Amino acid sequence: MLRTGAEHLESLRDGRAVYIGRERVENVIEHPAFRGAAQALAKLFDLKADPANADLSFEEEGERYGFYYLKPKSREDLRFRMNGHRRFAEATLGMFGRSPDHVASFVTGMTSMPEMFDANRAGFGANIQGYYDYLRKNDLYATYAVLPPQGMRNPALYIQQNRPVPSLRVVRETDGGVVISGMKMLATGAAVANEMWIGNIQPLAPGSEAEAITCAIPVNAPGLSLWSRRPITTPSAIEGPLTWRYEETDAMVLCDEVKVPWERVFVHNDTNLSRDIYYKTPGHSFSNHQSCVRTWVKIGFLVGLASRITQATGADKIPAVLETLGRLASLEATIGHVVMGQVEAAENWPNGFMGCSRRGVYAAINWMYENYSPIVDTVRELCGGGAFQMPADRSILEDPEMKETFETYWHSPQLDALSRMDLFRLAWDITSSDFAGRHLQYERAYLGAHFVVRHHGYREAPWEKFHAMVDDVLAEAREG
Ligand SMILES: Cc1cc2nc3c(=O)[nH]c(=O)nc-3n(C[C@H](O)[C@H](O)[C@H](O)COP(=O)(O)OP(=O)(O)OC[C@H]3O[C@@H](n4cnc5c(N)ncnc54)[C@H](O)[C@@H]3O)c2cc1C
């Protein structure tokens, strides 16, 4: 089944407990903090459901499913998935990190190795397959919270202080399932999603078995509440075009005696496996390939914006500025080709699955961690003081005299006054607004701290091959 945008919006009217400070949000679809994200998601659902966009879904046994549920068996399948990620990212300018194709992708990847889950407890393999079936059949949007709260990496310290450990854990087992309580960070998009995946993407300290729970619950599960960070809003779409449409939202997840039925439990009491399911299946590379495609699209947007800014200021005729634009375009080509290479250098997985090159995925993410801020800084530099020359808002247009003054003095040989103002507002929104700040943070943290990303690169590198070149040349030299 492919849901429409309207159906997705309707599904969010389910009594979910979302808080902004002490305000409980009655209706996320209409609240200014979440409306933009809800509408952007509705657009993605409509795009996918449109019969004209057959490349965004596939047919299996008479049913159509979203592209991100395709279990890839060939490079052609991976190309199909990449095309879908690209089209979703283009529809949101790469601003949606956790679009519906992110979590669903790692669930799809995990279904390739049910035996890994069964090794934890018989039947957990069927659970992961059952959850995949449930998500795709109902075309649900799943988000996730897979980290203990910051500072909670060593629970022993809390216990020594005689305080309850805040990190989410199993507090009880029942015949029907497990009961979980505690807090998890940081669920992007959860306020406007249907499902919440709870897990552990970082190693757990020995003795943290109760925390080693991987499960899924509906966002409106009794006892689950989302505490939103400070929302980022703008008075109108034109004052903050990206903030208005793509404020993805982030929230801490709090569970108070939430009941999870056994069929939604995937890992229990195994500290190593709760992490391994991401890395020892193609799960992590599937979901992070989506992140890489999104990155590529976002960098393309920034390059386009940089060029438009220089056209507006007339700097586009200056050779040094052309060189800067050429450098930006080369960076965009670099990331684009690394992303395409992830498919071309695809890897075989057990049970006939294929996955993207993990080295390519982690290299692209490391690239983004290192290059996003400098690229944004270049756009900022090209703006000069442009944004600061603009009047506070469009109210000047309501006063005929002020409007005339504005149109007379603010226009440039390249552009009329209002078009300049709109362009610089857009540039401000991605370089300097609260929205921009959140994105700078996101692009430095979404896969973990930087050392975590580099560690993935280290783990996947073919050290034997690299070492052999050094050893061989030394051996030859010794032989003379
Ligand atoms: C905007 C945003 C959206 C996010 N969305 C999601 C989401 O959808 N789902 C989800 O589960 N998580 C999400 N996250 C969480 C994200 O994965 C974590 O922020 C990330 O893993 C880093 O963990 P931390 O914030 O606890 O930082 P910490 O682990 O506390 O690290 C902070 C910094 O301390 C230093 N540091 C810490 N430990 C070491 C060490 N051992 N060696 C060297 N330096 C160290 C590094 O400089 C590091 O960057 C999101 C985060 C952000 C900022």
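Student: Which residues of the largest nonpolar core touch the most other members?

Tutor: Before I answer, keep in mind that this is a predicted model. In soluble globular proteins, nonpolar side chains tend to be buried together. Here the largest nonpolar core has 121 residues, and Met 196 and Ala 427 are the ones that touch the most other members. Helix α10, residues 283-313, gives the most to this core, with 12 residues. Because domain 1 (5-279) and domain 2 (283-468) both give residues to the core, it lies between them.

Student: Which residues is Ala 427 in contact with, leaving aside its neighbours within four places in sequence?

Tutor: With those neighbours left aside, Ala 427 is in contact with Leu 305, Ile 309, Val 379, Cys 383 and Ala 387.

Student: How far apart do the C-alpha centres of the two domains lie, domain 1 and domain 2?

Tutor: The C-alpha centres of domain 1 and domain 2 are 25 Å apart. Their contact takes 38 residues from domain 1 and 36 residues from domain 2. On the side of domain 1 that touches domain 2, at least two residues are supplied by each of α3 (75-91), α4 (103-110), α8 (241-246) and α9 (273-279), and α3 gives the most, with 9 residues. By class, the residues on that side of domain 1 divide into 17 nonpolar, 11 polar and 10 charged.

Student: There is also a ligand in the model; which residues around the ligand come nearest?

Tutor: There are 20 residues around the ligand, and those that come nearest are Gln 150, Thr 188, Ala 445, Gly 448 and Ala 449. Two or more residues of this shell come from each of the elements β5 (142-145), β7 (177-188), α16 (434-442) and α17 (450-460), with β7 giving the largest share, 4 residues. Sorted by class, the shell has 12 nonpolar, 5 polar and 3 charged residues. Domain 1 and domain 2 each contribute at least three residues to the shell around the ligand.

Student: Turning to the strands, in what order do the 6 strands of the open sheet stand?

Tutor: Reading across the open sheet, the order is β2-β1-β10-β11-β7-β6, and the pairing is mixed. The strands at the edges are β2 (23-24) and β6 (169-173), and each has a single partner strand, so one side of each is left without a neighbour in the sheet.

Student: What should I look for in the backbone angles?

Tutor: Most residues other than glycine have a negative phi, and most peptide bonds are trans. In this model, Leu 93, which is not a glycine, has a positive phi of about 55°, and Leu 93 lies in the loop between α3 and α4. Asp 139, another residue other than glycine, has a positive phi near 50° and is found in the loop between α6 (124-138) and β5. The peptide bond from Met 185 to Leu 186 is cis, with omega near -15°, and Leu 186 is in strand β7.

Student: Are Leu 93 and Asp 139 buried or exposed?

Tutor: Leu 93 has 21 other C-beta atoms within 10 Å, so it is buried, and Asp 139 is buried with 24 other C-beta atoms within 10 Å.

Student: Where is Leu 2 found, and what does it touch?

Tutor: Leu 2 is in the segment before α1 (5-11), and it counts as partly exposed because it has 19 C-beta neighbours inside 10 Å. Not counting residues up to four places away in sequence, Leu 2 touches Lys 48, Ala 49, Ser 57, Arg 64, Gly 66 and Asp 139.

Terms used:
Residues numbered from 1 in each chain as written. Predicted model: local features only at pLDDT ≥ 70, side-chain atom pairs only at ≥ 80, totals over all residues. Near = placed C-beta within 6 Å. Nonpolar A, V, L, I, M, F, W, Y, C, P; charged D, E, K, R; others polar. Domains from an automatic or database assignment. Contact = placed C-beta atoms within 7 Å. Core = buried A, V, L, I, M, F, W, Y, C linked by C-beta atoms within 7 Å. Buried ≥ 20, exposed ≤ 12 C-beta atoms within 10 Å, placed from the backbone. Pairing = 2+ DSSP bridges.
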